[in-house]
Amino acid sequence: MTDRTGKKSETREFMGFLIKLAIFMIILRSFIVSPFNIPSESMQPRLMVGDYLLVAKWPYGFSKYSLPFSVPLIPGRVMANAPTPGDVVVFKAPPSAQDDYIKRVIGLSGDIIKVDNGVISINGTDVRREPIESFVHLVSDNSPCFRDEFEAVNDKQQKICRYPQYRETLPNGASYNILDIYEGSEGDTTEAFVVPEGYMFLMGDNRDRSADSRFPAREGEAIGMVPQENLVGRALVMVFSTDGSVEWIKPWTWFSAARWERIGEGF
């Protein structure tokens, strides 16, 4: 004889477990960490297409943009903290604040920022920029070369891309690598920008492939200057990276496509 009461009890327990799991995941993604994947080359060399990272949600406080689907349950931003120049941040991109973008913080409220022949100046002082060894990566499905002239072959007869690379150091000591491949390209020389109160000036590390605060905000393209209100979180750690050759029906490619040397890198 079937114990219907027992089955109903098991069903209730299972549904209760699913509800608790859903609440836990919402709390985790809203207030602790959330995943983010890199869709473009704008943050090379630090980030490449196919990188998957965790974004820390607590460093800058919490707002509706911390919540799934930007549900307007949090008024303004609570426990707000300003980012530090040099931070790599995820934010809702102007003008519509619908899509998540990732860039590096260059300047904050009151800063005067100008770019002249690729060199940034902040409040009248040039940011130190030194040429270093070329940035090299393997050619793959999601990481082709920009143009044929940057393509080469390594000693293992693998196709690679090789780009000019620089080390940039902000006045606060934050230091990171950038790509600035073409001299005189759009955005290499700009007007002087004064960052308004409560805003940030953001740039991509790949200066020739990033539509950032150097350009007026336009949906799906450049972002202009970004309100701190739009912050989602700070890049925390790389958890996976793939070269794009994975085929989900071939489980062995899940491992062969992984860029293992990139996994576990912090920010």
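**Entry 1: the chain as a whole**

I began with burial, and found that of the 267 residues of the chain, 45% count as buried, where buried means under 20% relative accessible area, exposed means over 50%, and partly exposed lies in between, with a 1.4 Å probe and protein chains only. I note for the rest of these entries that this is a predicted model, in which local features need pLDDT of at least 70 and side-chain atom pairs count only at pLDDT 80 or more, while totals for chains, interfaces and linings use all residues. Residues are numbered from 1 along each chain as its sequence is written, and side-chain values use heavy atoms, with hydrogens and water left out.

I then looked up the overall extent, and the C-alpha atoms of the chain fill a box of roughly 85 × 50 × 30 Å along the principal axes. The secondary structure comes to two helices and 17 strands; these are DSSP runs numbered from the N terminus, helices being H or I of at least four residues and strands E of at least two. For contacts, meaning heavy atoms within 4.5 Å, I read that among those between residues at least 6 apart in sequence, 61% join residues at least 24 apart.

**Entry 2: the open sheet**

Which order do the strands of the seven-stranded open sheet take? I traced it as 1-2-17-5-6-15-16, with antiparallel pairing, where two strands pair if DSSP finds at least two bridges between them. The edges are strand 1 (33-37) and strand 16 (226-227), each of which pairs on one side only.

I followed strand 17 (residues 231-241) to its partners, and it pairs with strand 2 (residues 51-56) in the antiparallel sense over six bridges, with D51 standing opposite S241. Strand 17 is also joined by three bridges to strand 5 (residues 88-92), again antiparallel, and here V90 has G233 as its bridge partner. Further along the sheet, strand 6 (residues 100-107) and strand 15 (residues 199-203) run antiparallel and are joined by three bridges, and I marked V105 opposite L202.

**Entry 3: strand 12 and its partners**

Next I turned to strand 12 (159-169), which pairs antiparallel with strand 10 (residues 128-138) over nine bridges, R128 standing opposite T169. Strand 11 (residues 151-153) is joined to strand 12 by three bridges, also antiparallel, and E151 stands opposite C161. Strand 11 and strand 12 form a hairpin with five residues between them, and Q157 in the turn has a positive phi of about 60°.

Strand 12 also pairs with strand 13, in the antiparallel sense and over five bridges, and the partner of Q165 in strand 13 is L179. This hairpin, too, has five residues between its strands, and I noted that G173 takes a positive phi near 95°.

I then looked at T242, which is found in the loop between strand 17 and helix 2 (253-256). Is T242 buried or exposed? It counts as buried, because its relative accessibility is 10%. Leaving aside neighbours within four places in sequence, T242 is in contact with V49, G50, Y52, N142, A257, A258 and R259.

G244 lies in the loop between strand 17 and helix 2, and its backbone nitrogen lies 3.2 Å from a polar atom of the T242 side chain. G244 counts as partly exposed because its relative accessibility is 30%.

**Entry 4: the largest pocket**

Last, I looked up the largest pocket, which has a volume of about 390 Å³, the volume being the space filled by probe spheres set on grid points that are joined across faces, edges and corners. A pocket here is an open set of points on a 1 Å grid over the protein atoms alone, where a 1.4 Å probe fits, with protein on both sides within 12 Å along at least five of seven lines, and lining residues have an atom within 4 Å of a point.

Which residues lie nearest the centre of the largest pocket? Of the 23 lining residues, they are R46, V88, R104, Y176 and F267. Strand 12, strand 13 (175-179) and strand 17 each supply at least two residues of the lining. By class, I read nine nonpolar, six polar and eight charged residues, with Ala, Val, Leu, Ile, Met, Phe, Trp, Tyr, Cys and Pro taken as nonpolar, Asp, Glu, Lys and Arg as charged, and the others, Gly among them, as polar.

Notes. Polar contact = N/O pair within 3.5 Å; in protein donor to acceptor, adjacent residues only side chain to side chain.
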